[in-house]
Amino acid sequence: MKFKALLILLLFIGFQIGFSQNREESFFKPSDSLNKKRQNTVIISEAVLATGTLIGLNQLWYAEYPKSDFHFINDNSEWLQMDKAGHVFSSYHLGRFGTEMLHWSGATKKNQLLYGAGLGLAFLTAVEVLDGYSSEWGASAGDIIANASGTALYVSQELIWNEQRITPKFSFHTTKYADYRPEVLGSSFTEQILKDYNGQTYWLSVNLHSFAKGSKIPKWLNLALGYGAEGMTTGNRDTNIPFSTINPQRFRQFYLSLDVDLTKIKTNSHFLKTVFSVFNTVKIPAPTIEFVRFNDVKYHLIYF
């Protein structure tokens, strides 16, 4: 199961939070010009984390399976493309964090986009290479395209609007399916966040005020479009495993909801700005309209 992209993003989020703790307020203020000490700190920290993560993945994940010649697999039909949505989400935010950290060091806008925004694509491509040399897995062209799409979503908005108006976000709720296949979908809440695609929802959160600058719409108010899927006990429909109490039918879900862009909340604290940036990866619980297969509508007072 390919949930490594989301796992990697969570590691980088943990790094950014840890990197931000126990510092003075002035530490968080971005430098007005290139601060080589900060830039070196960013480069060394990211290199150590990336190298350590790749080594850890190789030892804990790939070492259990025999090596093979580099090869591709076609997994585009698996999990109703929920894993591909996860790759777009992870690549976007890895690139966003990379850009923001270079911005903190005072790097030029060009270098922020070139080296920072490319972080997600470069790192996740390295993971695909590891997949390609594993007999159990294989590199996925679909994953590579999804990774490139996440990076392109970030870079294109910076080039066109000089701001992020559309932000990928994530939410999760537990499902009954993990109880039937805990070894695949997760036996604990933490594992299920990563493994149970039935409970994951990926969103495109659109900032309304940014498209109507002269309006009185609150700058923090977003409209979110979500995608999810359920009824999946394995990757492919043909191998779905029926149980005595359920015979799951795989189906897609589409959502319309309200959201908050935490980065648009006014504050003079650079520490809070950092915290808001980190948690802007998560869709807040809110009233939601769910469209199931486009022909059934459900209403949720609060949806996670």
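**View 1. Contacts across the whole chain.** In the protein chain, 73% of the contacts with a separation of 6 or more join residues 24 or more positions apart; a contact here means heavy atoms within 4.5 Å. This is a predicted model, where local features need pLDDT of at least 70 and side-chain atom pairs count only at pLDDT 80 or more, while totals for chains, interfaces and linings use all residues. Residues are numbered from 1 along each chain as its sequence is written, and side-chain values use heavy atoms, with hydrogens and water left out. You'll find 11 helices and eight strands in the chain; these are DSSP runs numbered from the N terminus, with at least four residues (H or I) for a helix and at least two (E) for a strand. Of the 304 residues, 49% count as buried, that is, under 20% relative accessible area with a 1.4 Å probe, protein chains only.

**View 2. Two nonpolar cores.** A nonpolar core is a set of buried Ala, Val, Leu, Ile, Met, Phe, Trp, Tyr and Cys residues joined through side-chain atoms within 4.5 Å. The largest one has 16 residues, and Trp79, Met82, Leu185, Tyr202 and Met232 have the most contacts inside it. H4 gives the largest share, three residues. A second, separate core has nine residues, including Ala50, Phe123, Val127 and Trp137.

**View 3. Helix H7, from cap to end.** H7 covers residues 141-161 and reaches 30 Å from its first C-alpha to its last, close to the 30 Å expected at 1.5 Å a residue (the expected span is 1.5 Å times one less than the number of residues). At the N-terminal end, Ser140 is the cap, with a side-chain oxygen 3.3 Å from the backbone nitrogen of Gly142. Among the buried residues of H7 are Asp143, Asn147, Tyr154 and Glu158. The buried residues of H7 pack against H4, H5 (109-116), H6 (118-132), E2 (139-140) and E3. Just after H7, Asn162 takes a positive phi of about 60°.

**View 4. Asn222 and its neighbours.** Asn222 sits in strand E5 and is buried, with a relative accessible area of 1%. Its side chain makes a polar contact (2.9 Å) with the side chain of Asn207; a polar contact is a pair of N or O atoms within 3.5 Å, and within protein one must be able to donate a hydrogen and the other to accept it, while residues adjacent in sequence count only if both atoms are side-chain atoms. Not counting residues up to four places away in sequence, Asn222 touches several others, including Ser205, Leu208, Ser257 and Asp261.

Conventions
Buried means under 20% relative accessible area, exposed over 50%, partly exposed in between (1.4 Å probe, protein chains only).
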